[in-house]
Each structure stands twice: as structure tokens, then as C-alpha cells.
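Subject: Handover of a structure

Dear colleague,

Please find the structure below, for your files. My notes on what was found in it follow directly after.

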Amino acid sequence: MSNQPQADEPTPDQLREQVEHTRDQLGQTIEALAGKADVKAQTRAKAAEVKEQAAEQAALLTGRLGHKATQVAELIKDKTPDPVLDKAAHAAAQARDSATRAGHLITEKAPDSVRDKTASAADLARSNRTPLLAAAAALTVLLLWRRNRKNK
């Protein structure tokens, strides 16, 4: 018997290469199985994905609502007679004045925690001014229309 490998037998280098390749495949398989078994990581990834989708949907919906509110406000303004618009503007000015007076009174007497929360609510209202103004205008027109309808 000779120590020379036959033609169909792999050489030691080929065997080493096969072993190394098998080890690599086994390592990849174990990593994949470990990833599937890590439920906590999968849950975090899914939660992040859902959170991102929710933020995108909220931004889209907010944009649509803002656009729709602007359209409604323009439509109401176009169809509302000038005397009604003047009364609404006057009522809004009175409401602003009253709110300012009330705000000064409250500022003087309210605790710091209430002032902080009020300030954050005011900042939120300022950042969403157009939809709030459109809603206020629509409400004013509706109330004036109802009042005029009852008086007839």
C-alpha cells in the first residue's frame, strides 16, 4: 500500500478546506437560529417598525386635516355675508381681549405647575393656529346662523 492518495480521495488540504467551509456554514446557521430565538429583539424591531408607520400615518393625516380645514375656512369665508364676517371678527376680538384679561388674572394667582402646563398648551395652540382659527370661524358662523334662524 502506498501513502499516495488515489485520484478519487480528497487531499488533506481539500479536507481542511471542506471542514472550514462546513464550520462557516454551521456558524451562519447558528446565528440565524439565535436571531429567530431572540424574541425580545424581534419584538423591539417590530415595535420600532410599527411606531415609525404610526408616525408616518399621523403626519399624513395631520396634513390632510390641515388642508381640509383651510379649504372649509375659505369656503365659509366666501359664502358668508360681510356683516356676519364683521360680527365674527368683532366677537373674536372681544374673545381675545377677555382671554388676555383672564390670562393675566390666572397668571397672577396660579401655581407654577399650572402655569407650566398652560404654557405648553398655548405653544401647541400657536403651532396649530390655522386649524384652530378655521374651527373657531366655523363654530361662530354656525352659532350666528342658528341664532338668526331662531329669531325668524
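This is a predicted model: local features need pLDDT of at least 70, side-chain atom pairs count only at pLDDT 80 or more; totals for chains, interfaces and linings use all residues.

**Findings**

Glu49 and Lys46 are 3 residues apart in helix H2 (residues 39-79), so about one helical turn separates them. Helices here are DSSP runs of H or I with at least four residues, strands are runs of E with at least two, and both are numbered from the N terminus. The two side chains form a salt bridge, with 3.8 Å between the closest N and O atoms. The term salt bridge stands for a side-chain nitrogen of Lys or Arg within 4 Å of a carboxyl oxygen of Asp or Glu. Glu49 is partly exposed, its relative accessible area being 39%, and Lys46 is also partly exposed, at 47% relative accessibility. Buried means under 20% relative accessible area, exposed means over 50%, and partly exposed lies in between (1.4 Å probe, protein chains only).

Residues are numbered from 1 along each chain as its sequence is written, and side-chain values use heavy atoms, with hydrogens and water left out.

**Further salt bridges**

How many salt bridges does the rule give? The count comes to 4, including the one between Glu49 and Lys46. Another joins Glu20 to Arg23, whose closest N and O atoms are 4.0 Å apart. Both residues belong to helix H1 (residues 12-37), and because they are 3 residues apart, about one helical turn lies between them. Glu20 is partly exposed, with 42% relative accessible area, whereas Arg23 is exposed, with 55%.

Asp123 pairs with Arg126 in a salt bridge, at 3.0 Å between the closest N and O atoms. These two residues lie in helix H4 (residues 112-127), 3 residues apart, which is about one turn of the helix. Asp123 is partly exposed, having a relative accessible area of 47%.

**Nonpolar patch**

Leu139, Leu142, Leu143 and Trp145 make a nonpolar surface patch of about 420 Å². Patches consist of residues with over 30% relative accessible area and no salt bridge; like charges are joined within 9 Å, and nonpolar side chains (Val, Leu, Ile, Met, Phe, Trp, Tyr) within 5 Å. Trp145 is placed in helix H5 (residues 129-151) and counts as partly exposed, at 48% relative accessibility.

**The chain as a whole**

The chain comes to 5 helices and 0 strands. Its radius of gyration, taken over C-alpha atoms, is 35 Å, while a compact globule of 152 residues would be near 15 Å; the globule rule is 2.2 Å times the number of residues to the power 0.38. Along the principal axes, the C-alpha atoms fill a box of roughly 120 × 45 × 20 Å. Glu20 and Lys68, for instance, are 48 residues apart in sequence and 64 Å apart in space, C-alpha to C-alpha.

Of the 152 residues, 5% count as buried. The chain exposes about 13,400 Å², of which carbon and sulfur atoms supply 58%; accessible areas come from the Shrake-Rupley method with a 1.4 Å probe, and for residues only the protein chains shown count as cover.

With kind regards
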